[in-house]
Amino acid sequence: MIDVRQLKEAVKAGKEEYSRIRREFHRIPELGMEEVETTEMICRYLERMGVVPHHLEPSGAFAYIGPEMGFTIALRADIDGLPVTEETGVKYASVHPGRMHACGHDGHIAGLLGAAEILKQREEKLSVRVKLIFQPSEENTLGAAHILAQGVLSDVDVIFGLHLFSDMKTGDVSIEAGPRMAQTDRFSITFEGKGGHAGKPHQCVDATVMAADFVMSVQSIVSREVDPADSAVVTIGSLHSGSQYNVIAGTAQAEGTCRSFREETALRLKEAVEARAEHIAAYYGGKADITYHYGSHPPLVNDASLTACIAPEAERFLERKLCHVPPLMLGEDFSWYQTKVPGVFAFVGCGDPEKECFPNHHPCFAIDERALADAVLLHLSAVSAAEKLAEKEAKTDV
Ligand code: NI
């Protein structure tokens with residue numbers, strides 16, 4: 001059984017090192033499925049600690065610490081950057097043009113490596129096996145499903161992960177049961193009409209009018225078709241039509257996303273978007289060509305009994321109370337793991353209360369590096385909770 005006091009001292013001593021590691025990864029952001037340099041650097045760190053890394057295809061890695069078999073907790077960090085041009089002006093800014101760690105995944109890597117080092121040093125005391133998962137490609141929602149298909153969770157009993165958010169202040173941590181992040185669906189619609197002269201609309205079928213009507217129509221889906229006690233979002237993020245002021249557009253494209261927490265609601269949103277696109281196009285005498293990507297990942301739902309084990313342990317390690325954060329309408333492919341084994345995902349504040357904070361994905365996004373120690377402590381607390389859980393299970397087995 002690992003000792004809390006010793007672990008906390010080790011984390012305190014490691015603080016500067018966590019910042020240094022995070023900055024090293026911050027310099028070399030790579031997009032999903034291209035994290036080759038990042039993976040190599042992670043593996044070098046693991047090897048230096050005496051941990052044997054295993055490569056995932058095409059990028060990412062996993063590794064074990066602790067007993068060779070038995071109850072296993074996976075700790076997951078995502079490792080990809082974003083197609084954003086960094087504007088922070090920091091010395092350790094991205095050296096990859098047009099790429100940035102604008103979502104804090106550099107901090108996730110540093111947090112998991114920090115925890116790995118401490119666990120490795122106390123490996124003989126560990127009563128559960130720890131599987132470290134450095135997951136590629138979270139931002140484009142492909143990574144988790146891709147590595148699940150490689151069997152990465154086949155020997156895992158429970159899983160823990162976390163995300164740094166700059167709109168939560170440093171020190172605030174939320175670990176709550178139930179739906180925490182949304183199912184994210186994506187759609188793309190091409191309205192087809194008949195182009196022609198701006199002065200002869202009666203000879204045309206105006207795709208711009210169809211698309212405009214569609215955009216306004218979907219605004220009432222959430223208010224009129226979703227149970228008011230439930231939550232949902234329909235957003236049109238992109239709209240393109242026409243090229244010239246005096247030409248009626250023959251085609252128009254709208255792209256958007258639907259978010260929700262329940263399958264029933266997600267299906268209702270899909271039906272409503274499709275029906276409105278089809279009916280509006282037909283009403284004007286045109287056609288709608290709809291591509292709807294349903295469920296690129298399911299909603300993120302924290303397992304209630306695992307949350308009940310990890311949350312108090314996290315408070316013990318952090319020496320402070322956890323806070324309440326309402327569910328987020330963002331997506332997170334950690335939810336795929338939760339369809340296989342019980343999983344808990346924590347929201348971790350990294351917004352410096354003394355400074356102006358920019359949101360995740362912003363070109364000026366920055367982490368208050370004091371949050372890295374929280375990330376390390378949370379991983380360690382999850383392992384400690386797993387030890388207690390395994391002990392309890394062993395007793396009930398007898
Ligand atoms: Ni992220």
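In which strand is the place of serine 174? Serine 174 sits in strand β6, residues 173–174, where helices (H or I, at least four residues) and strands (E, at least two) are DSSP runs numbered from the N terminus. The model is a predicted one, in which local features need pLDDT of at least 70 and side-chain atom pairs count only at pLDDT 80 or more, while totals for chains, interfaces and linings use all residues. Residues are numbered from 1 along each chain as its sequence is written, and side-chain values use heavy atoms, with hydrogens and water left out.

With a relative accessible area of 1%, serine 174 is buried; buried means under 20% relative accessible area, exposed over 50%, and partly exposed in between (1.4 Å probe, protein chains only). Not counting residues up to four places away in sequence, serine 174 touches Met168, Arg180, Cys323, Val325, Phe345, Ala346 and Phe347, contact being heavy atoms within 4.5 Å. The C-alpha atoms of serine 174 and phenylalanine 347 are separated by 5.1 Å, although the two are 173 residues apart along the chain. The side chain of serine 174 also makes a polar contact of 2.8 Å with that of glutamate 176 and one of 2.9 Å with that of arginine 180. A polar contact is a pair of N or O atoms within 3.5 Å; within protein, one must be able to donate a hydrogen and the other to accept it, and residues adjacent in sequence count only if both atoms are side-chain atoms.

Serine 260 belongs to strand β12, residues 251–260, and is buried at 1% relative accessibility. Leaving aside its neighbours within four places in sequence, serine 260 has contacts that include Ala182, Ser231, Pro299 and Met329.

Some backbone features come next. Most residues other than glycine have a negative phi, and most peptide bonds are trans. The peptide bond from glutamate 57 to proline 58 is cis, with omega near -5°, and proline 58 is in the loop between β1 (53–55) and β2 (61–65). Threonine 141, in the loop between β4 (129–135) and α4 (143–148), has a positive phi of about 60°. Glutamate 319 likewise has a positive phi of about 60°; glutamate 319 is exposed, at 62% relative accessibility.

The structure holds 28 salt bridges, each a side-chain nitrogen of Lys or Arg within 4 Å of a carboxyl oxygen of Asp or Glu. One of them joins glutamate 369 and arginine 23 at 2.9 Å, N to O. Glutamate 369 lies in the loop between β15 (343–351) and α10 (370–397) and arginine 23 in helix α1 (residues 4–26), so this pair ties together parts 346 residues apart in sequence. Glutamate 369 is buried at 16%, whereas arginine 23 is partly exposed at 34%. Arg22, Arg23, Asp106 and Glu369 are linked in a network of salt bridges.

At the level of domains, the protein is divided into domain 1 (4–181 + 299–397) and domain 2 (183–293), with bounds from an automatic or database domain assignment. Nine residues of domain 1 and eight residues of domain 2 take part in the contact. About 640 Å² is buried between domain 1 and domain 2, 73% of it from carbon and sulfur atoms; buried area is the accessible area (1.4 Å probe) that two parts lose on being put together, summed over both.
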